Amino acid sequence: MLLASSQFDELRLDRMSRSFGTVNALKDISLTIRKGEFIALLGPSGCGKSTALNCLAGLLATTGGSIYLDDRRLDQLKPEDRGFGMVFQNYALFPHMTVKANVGFGLKMRGMAKAEAARRVDEALALVRLETQGNKLPGQLSGGQQQRVAIARAIVIEPPLVLMDEPLSNLDAKLRLEMRAEIRRIHNQLGATTVYVTHDQDEALSLADRIVVLRDGTIRQMGSPRDLYENPDHLDVAEFMGYRNRLAGTLVDRDGARGTVDVGGVKLSGTVRGDIATGGSAIVVARSDDITVTDSKANALAATVETIEYRGREYVGTARKADSAEVVFHAARPVSVGNPVSLSVDAGRTLIFPA
Amino acid sequence: MADPQPSLRQRLALRGIDGVTLLALPAILFVLAVFIYPFAYGLLLSFEPKEGGALANYQRFFSDPFLYRTIATTLWLAIPVTVISLALAVPIALRVRLMTRQRLLTTILVLPVTLGTVLVAEGLLNYLGPQGWFSRTLMLFGVIEHPLKLTNNYWGVFASLIITGFPFTFLLTLSYVTGIDPALEHAAATHGAGAWQRFRHVFLPLLAPGLAISACLSFVQAFAVFPSAILLGAPAGPTRVISIAAYQAAFEQYDYSMASAIAMIMAAVQMVIVVAILAFRNLFYRGSTAGGKG
Amino acid sequence: MIRDTTIGAKLWITAVWAVVIFFVLNLAAMIVAVILSSFGTRWLGTWLPAGFTDRWYFAAWSEFQLHDVLIVTFQIAFIVVALSGLLGVTAAYALARRDFPGKKLVMLLFLLPLLVPPITFGIPLATVLYQAGVGGTFWGVVIANLVPTVPFVILVMIPFIEQIDPKIEAAARVFGANTFKLFIHVLLPMLVPGILAALLLVLVRTVGMFELTFLTAGPTSQTLVVALYYSVFASGVRAVQSIDAMAVIYMITTLVWLLIALRFVNPTQIVARAKQAPAQQ
């Protein structure tokens with residue numbers, strides 16, 4: 001029956017909304033998740049991503065719209081009747097139960113026969129590589145191990161959907177990378193449909209098949225990691241995807257998708273996103289690695305170096321322009337703080353948004 | 001020349017004893033003098049009866065029904081009060097935990113605890129009395145025809161113990177309930193546990209140690225019932241509790257030896273019940289009620 | 001929160017609230033009945049008194065010599081507050097900052113007077129106090145009341161002191177403060193909220209402490225709650241209304257301090273603070 005319940009084609013959110021009083025925490029979220037997909041809900045804190053996850057889990061009632069698993073409507077069901085698995089931010093392991101009992105909790109609630117449940121628990125523990133820790137209490141495990149138990153607990157019930165609420169945010173940097181790979185590996189092995197909430201774009205980019213960027217409770221943009229990284233539709237998505245430099249100016253020339261912006265006398269060209277007429281104000285965004293130190297003064301941004309850091313193969317610095325805008329750049333050789341510098345912007349990967 | 005051996009002062013400091021530690025000394029001596037010494041003195045005094053051998057007081061207590069029945073009388077009050085307080089406190093605390101504005105309710109409930117048993121007894125004499133509002137209201141709704149007799153008997157004392165005991169147990173239970181990470185309930189629900197299963201498999205085992213402490217404290221308080229048993233009860237009969245027997249021995253018969261013996265028996269009964277509850281508690285998980293690293 | 005809209009769940013929630021409302025209503029009615037009665041002229045066999053008057057307060061004031069009783073009550077309460085503050089805070093500081101052999105035993109020593117009910121240890125304590133010649137005197141009552149309040153202050157203050165970073169004290173010492181100056185200029189100002197809360201609760205406890213005062217007080221060292229007990233005990237002698245008037249005065253003297261204390265602490269802490277300690281051992 002459980003395996004049968006995992007046989008589905010798609011999970012459909014139809015204009016799912018949630019308001020708190022007059023505040024719309026989530027507004028008309030429509031999204032279709034195909035079986036086996038790994039979806040990341042990405043956004044800054046307060047964007048509604050955790051609200052969306054809790055609405056999916058049934059921990060929070062929706063105030064509008066509906067959720068369908070194929071033809072079955074889920075949004076009126078209690079959390080325990082939805083049959084999902086969930087990994088919580090602070091793991092939420094039951095401190096009074098052994099690792100095995102924690103993992104087997106969902107199976108026990110479903111009334112599965114003990115022998116069968118024990119077999120599945122062992123399998124799940126093997127999958128997260130905790131075979132030897134089964135009889136310990138969660139308090140005796142390290143943070144990373146607790147996280148694995150939480151994952152095992154969520155997947156052992158073979159749910160149609162696994163929900164993950166910033167599962168890596170409590171781990172230190174090194175462990176976070178390890179667990180990221182681990183989650184990817186488990187996903188590849190089981191193909192469990194997953195909705196993963198995070199505010200870390202690296203995590204979303206490396207894990208997800210599809211990223212949904214949320215902002216102010218609405219979907220801002222949705223697409224493959226590569227799509228979002230290279231072609232953000234909105235200024236804020238671009239910023240979230242690592243376009244750290246914003247340079248304001250006027251659009252002086254437009255030719256189809258290409259445009260040229262005058263930024264304080266320097267002409268920067270790039271791909272135009274959105275509606276801007278020639279003569280309108282525009283914002284040029286560029287990644288720090290697309291702004292490099294140049295020797296020629298022609299068509300380069302003039303700025304004064306404020307900080308410079310060695311990052312292994314190259315240097316990353318910040319410089320301030322005369323109009324006090326800050327520019328983050330890369331340099332192959334060190335430049336001295338306080339000295340003027342000329343910076344060139346790679347036109348191929350620069351984006352132009354309406355101001 | 002420097003002493004190669006560390007001085008006594010240094011060695012003591014290494015074990016955590018220095019000037020700061022000595023600040024605890026006055027309080028320790030005080031409690032030893034006014035709590036431990038009187039208790040020990042009372043214990044010894046109880047073996048030096050006015051007449052008879054060392055155990056004469058205890059023999060007299062356990063052979064005189066007027067005395068030994070006080071234990072049953074007191075238990076008959078304290079155990080139901082403890083069980084009822086706890087049985088009401090748990091579901092209510094689980095519900096109140098969800099309230100955003102608990103303060104008003106908890107403030108109201110702390111009133112009877114601070115007002116104390118004498119005032120509650122005084123108030124109940126009027127309220128539960130034959131002309132009091134309680135019986136009047138029941139008669140108004142036609143539940144009863146004649147006023148209930150609720151004062152100067154078992155029920156008056158019972159009511160006063162509930163009025164002071166339930167809020168105490170409730171506030172204590174609430175502090176344990178709110179200590180449980182709400183994410184644990186969410187985790188249980190998303191993995192398929194219904195409301196009863198969440199209580200049975202998650203809340204109850206995590207609460208058990210706290211509930212044991214609540215049960216001990218509310219039992220011990222109820223067992224020591226004194227002013228309300230006299231004012232609201234029938235101190236010569238059905239509510240002649242053990243503290244009345246001890247008080248009468250000390251301040252009416254001036255038999256301090258016998259009074260001490262009764263006080264020791266009172267302490268022993270309390271200890272037996274507390275030990276039993278705590279032994280039961282040890283069957284459960286004891287530890288953090290958080291769901292993981294914070 | 002997890003939403004449950006089944007009929008069973010709704011019935012259950014309704015039942016839970018019904019019990020709470022029933023309890024609070026009875027509690028409120030009991031208190032209101034005392035207050036009404038204290039202002040009533042004659043109240044026999046009716047819902048409300050026949051008329052209202054304030055004369056019972058004057059009657060109670062003179063009959064029970066409340067002037068003297070109140071003075072004694074507050075003298076005892078404030079001395080108990082001062083002494084338990086002095087003994088308790090210093091001991092709490094030592095216990096919060098130092099680990100020494102036998103510390104667990106010392107903690108148990110401070111826990112016991114709070115766990116053992118006053119009537120149980122009060123009888124041997126009164127016996128000893130009478131033999132020492134302080135039984136029935138003002139100071140006997142003070143000493144008896146200190147037995148639970150000193151440990152109470154200690155157990156309330158330990159977690160409060162522990163949460164103050166010892167590095168702050170280290171910093172004060174580095175910049176030249178000796179122990180006394182450290183205490184006056186650094187620790188005390190930081191501890192004031194905790195001390196205030198603890199001492200207000202001691203005040204409430206002492207004003208309301210019946211058993212220990214009852215067992216050790218003589219005619220001139222009675223506090224209000226003991227006087228109230230005696231007047232209820234001999235209730236045939238005086239008018240019920242004047243006893244009720246005294247009860248109202250007692251309520252006010254307790255509740256004023258309680259309300260002030262509640263500005264600093266949560267109601268659950270009043271019962272829970274000292275009681276959580278055993279669970280941690």
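Predicted model: local features only at pLDDT ≥ 70, side-chain atom pairs only at ≥ 80, totals over all residues.

Me: What makes strand S8 of chain A largely enclosed by the rest of the structure?

Reply: A residue counts as buried if 20 or more other C-beta atoms lie within 10 Å of its own. Five of the five residues of S8(A), residues 194-198, are buried, so the strand is largely enclosed by the rest of the structure. Thr194(A), Tyr196(A) and Thr198(A) point one way, Val195(A) and Val197(A) point the other way, and all are buried.

Me: Why is the crossover from S7(A) to S8(A) called right-handed?

Reply: The term applies if, with the strands pointing away from the viewer, the path from the first strand over the helix to the second runs clockwise. Here the chain leaves S7(A), passes through helix H6 of chain A, residues 173-190, and reaches S8(A), and this β-α-β crossover is right-handed.

Me: Why are strands S2 and S5 of chain A called edge strands?

Reply: The open sheet has four strands in the order S2-S1-S4-S5 (chain A), with antiparallel pairing. S2(A), residues 23-34, and S5(A), residues 72-73, each pair on one side only, and they are the edge strands. S2(A) pairs with strand S1 of chain A, residues 10-20, over eight bridges in the antiparallel sense. Within that pairing, Glu10(A) has Arg34(A) in S2(A) as its bridge partner.

Me: Which strands does helix H2 of chain A touch where it packs on the sheet?

Reply: H2(A), residues 49-57, touches S1, S2 and strand S4 (64-69) of chain A, and its direction makes about 65° with that of S2(A).

Me: What makes strand S14 of chain A a partner of both strand S11 and strand S20 of chain A?

Reply: The threshold is again at least two bridges. S14(A), residues 281-286, has six antiparallel bridges with S11(A), residues 245-255, and four antiparallel bridges with S20(A), residues 351-354. Asn245(A) stands opposite Ala286(A), and Val285(A) stands opposite Leu351(A).

Me: What are the domains of chain A, and how far apart are their C-alpha centres?

Reply: Domain 1 covers 2-237 and domain 2 covers 243-354. Their C-alpha centres lie 39 Å apart. Separately, an unreviewed UniProt entry gives "domain: ABC transporter" for residues 11-241 of chain A; over that range the chain is 36% helix and 26% strand.

Me: What is the secondary structure over residues 69-96 of chain C?

Reply: Residues 69-96 are among those that UniProt, in an unreviewed entry, lists as "transmembrane region". Over them the chain is 100% helix and 0% strand, with the end C-alpha atoms 38 Å apart.

Me: How do you know that chain B touches chain A, and which element gives the largest share?

Reply: Contact requires C-beta atoms within 7 Å. By that criterion, 24 residues of chain B are in contact with 27 residues of chain A. Helix H9 (182-190) and helix H10 (195-223) of chain B each give two or more residues to this side, and the largest share, six residues, comes from H9(B).

Note on methods: Residues numbered from 1 in each chain as written. Chains lettered and ligands numbered in written order. UniProt positions renumbered as here; feature names shortened; annotations may be inferred. Buried ≥ 20, exposed ≤ 12 C-beta atoms within 10 Å, placed from the backbone. Domains from an automatic or database assignment. Contact = placed C-beta atoms within 7 Å. Axes fitted to C-alpha atoms, helices over the stretch in contact; angles between N-to-C directions.
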